[in-house]
Each structure stands twice: as C-alpha cells, then as structure tokens.
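Welcome, and thanks for taking a look at this one. Please open the structure below, and then we can walk through its build and its charged side chains together.

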Amino acid sequence: MNVGNAARRSLAKLISAFAGARAVTAAGESELDLPGQAIYYANHSSHLDFLTIWAALPAELRQRARPVAAKDYWGSGVRKAFAEQIFNAYLVERHGSSSRRQRTSDSGVSPKGQVEGMAEVLAAGDSLIIFPEGTRGDGDTIAAFHGGLYKLARLHPEVPVVPVTLANLGRILPKGERIPVPHLSTVIFCEPLHLDPDEDRQAFLTRARQVLVDGLAKQQGPQPSETPRQDDGVSGPRNQAGQDDL
C-alpha cells in the first residue's frame, strides 16, 4: 500500500471531520504552536484516540509522529496495513510475550522491549503518541499512569512531553462497540512538560496525569485525584515479558 502525503492529508481531514475533532490549545486557541519533536501522551478511551491525535497534528509534524498501538488489535490483516503503512504506528505487545520475540517490521516490537524500542524511535528524530494508562478507560476518568512515560522522559530529557486531553472520543467508539457513531470531540494540546533533574518517578507521573485530569474536568466535570500506588517502586503492572506497560 503506497500512500502519499496528499492522501494522508485527505485522510487526516476525513478523520477529523468524522470525529468532529476540534484541535485547540489549553487556552482555547485554534492555532497550535507545537515543538518539532515531542512525546505526546493522552487519556485513552477509544481505538480512535491515536487516529484523532495523528489527524489533529499539523501536516509537517504528522509525517514524523509514530502512534504507539496495541499489536493484539492492530497487528494483523487490514488493521495492520493501515497502522503500519498509513500511520507509521509502533506496535507493542500489551499482554506480554516471549522475551525472544524479534522485530518483524519497521513498526514491530523491538527485541529490546517496549521502552527501549520507543527510545530508539525518539533517537531517530521521530515523535511518539502514547497512552500511559496502558488500556482504554471509560472516557470519564483517568487511571494511574504506568512507568513508561517517565522512563522515556528520563532517557530523552531533550524531547518535550506534550499532554493531550481527549474529550468525548469514547462516545464515538465506546469500549466493546464496533460501529463508530459521529460525535463532537475536542483535542487539547497543553503546554509541554520536562522532567526536572531531581524529580522522581511518582512525582512526575502524578504531575503529568494531573494536567489531563484538569483538562478533562474543564470539559466534563471534576475528576478524582490519583491515589499513589503502594508498590515496590516500579510504576504500574508489568507484562509477562517484564516490560513496563504504557
């Protein structure tokens, strides 16, 4: 499937129109001023989330933005062709697999693991679109973040971390549904974050999550505050291969 830039621009317009997606800044401005490279992270409630963020980006940034998507959903058939060849997605194993797995394509899972593979994407100069909750939620609340976002920010402190609040995406394709329903949605690009030199994992993840909580609250009401995890110092559950879920 050979898809040119003109076709991708047309597809981006189609996705934005279908989702009724209005891309704005946290101040409500429609003119986006985004860094040339970034780690975009967002709340997650629909399979349409990464498509909508990708479509909302300016064309020159969209070309180098790689959405991180679940291989169990996007890794076969027509979905795989769309994910890899149109959106240049980086596919990851959500539920674990053999530690001996090998990269099967340019968009496949790195044999070094999720975070290390995504760090390679950043080192190559591309941007990432990730969902630190690790799985889709109900669209009304935001779960605690897993540790991948912190690790990427630590490995590449020069790359801005841009919070993206998605409002009403879950109403277009609710969890468990297969047929999307057009609905107005909002994509809010917030001010970039940077990991402070002395900031620990939990402090950074709490700060990063709170930006999305506050943004969602402005759209649809208050969110519950995060209850810190009581664990062994590693953020979020690990999958079977010992990788941090994102």
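A residue is called buried here when its relative accessible area is under 20%. By that cut-off, A83, E84 and I86 are the buried residues of helix α5, which spans residues 77-86. Please keep in mind that this is a predicted model.

**Overall build**
- The protein has 9 helices and 7 strands, and 52% of its 246 residues count as buried.
- Its accessible surface is about 11,600 Å², with 51% belonging to carbon and sulfur atoms.
- Of the contacts between residues at least 6 apart in sequence, 70% join residues at least 24 apart.
- Just after α5, N88 has a positive phi of about 55°.

**Salt bridges**
- The whole structure contains 3 salt bridges.
- D126 pairs with R64, with the closest N and O atoms 2.3 Å apart. D126 sits in the loop between α6 and β5 and R64 in the loop between α3 and β3, so the pair ties together parts 62 residues apart in sequence. D126 is buried at 11% relative accessibility, while R64 is partly exposed at 40%.
- K71 and E93 meet in a salt bridge at 3.8 Å, N to O. Because K71 lies in helix α4 and E93 in the loop between β4 and α6, this pair links parts 22 residues apart in sequence.
- R207 bridges to E199 at 2.8 Å between the closest N and O atoms; R207 is partly exposed at 27% and E199 is buried at 12%.

**Surface charge**
- E29, E31, D33 and E191 form a negative surface patch.
- E191 lies in the loop between β7 and α9 and is exposed, with a relative accessible area of 63%.

Key. Residues are numbered from 1 along each chain as its sequence is written. This is a predicted model: local features need pLDDT of at least 70, side-chain atom pairs count only at pLDDT 80 or more; totals for chains, interfaces and linings use all residues. Side-chain values use heavy atoms; hydrogens and water are left out. Patches are made of residues with over 30% relative accessible area and no salt bridge: like charges are joined within 9 Å, nonpolar side chains (Val, Leu, Ile, Met, Phe, Trp, Tyr) within 5 Å. Accessible areas come from the Shrake-Rupley method with a 1.4 Å probe; for residues, only the protein chains shown count as cover. A salt bridge is a side-chain nitrogen of Lys or Arg within 4 Å of a carboxyl oxygen of Asp or Glu. Lys and Arg count as positive and Asp and Glu as negative; His and the chain ends are not counted. The place of a charge is taken as NZ of Lys, CZ of Arg, CG of Asp or CD of Glu. Helices (H or I, at least four residues) and strands (E, at least two) are DSSP runs, numbered from the N terminus. Buried means under 20% relative accessible area, exposed over 50%, partly exposed in between (1.4 Å probe, protein chains only). Contact means heavy atoms within 4.5 Å.
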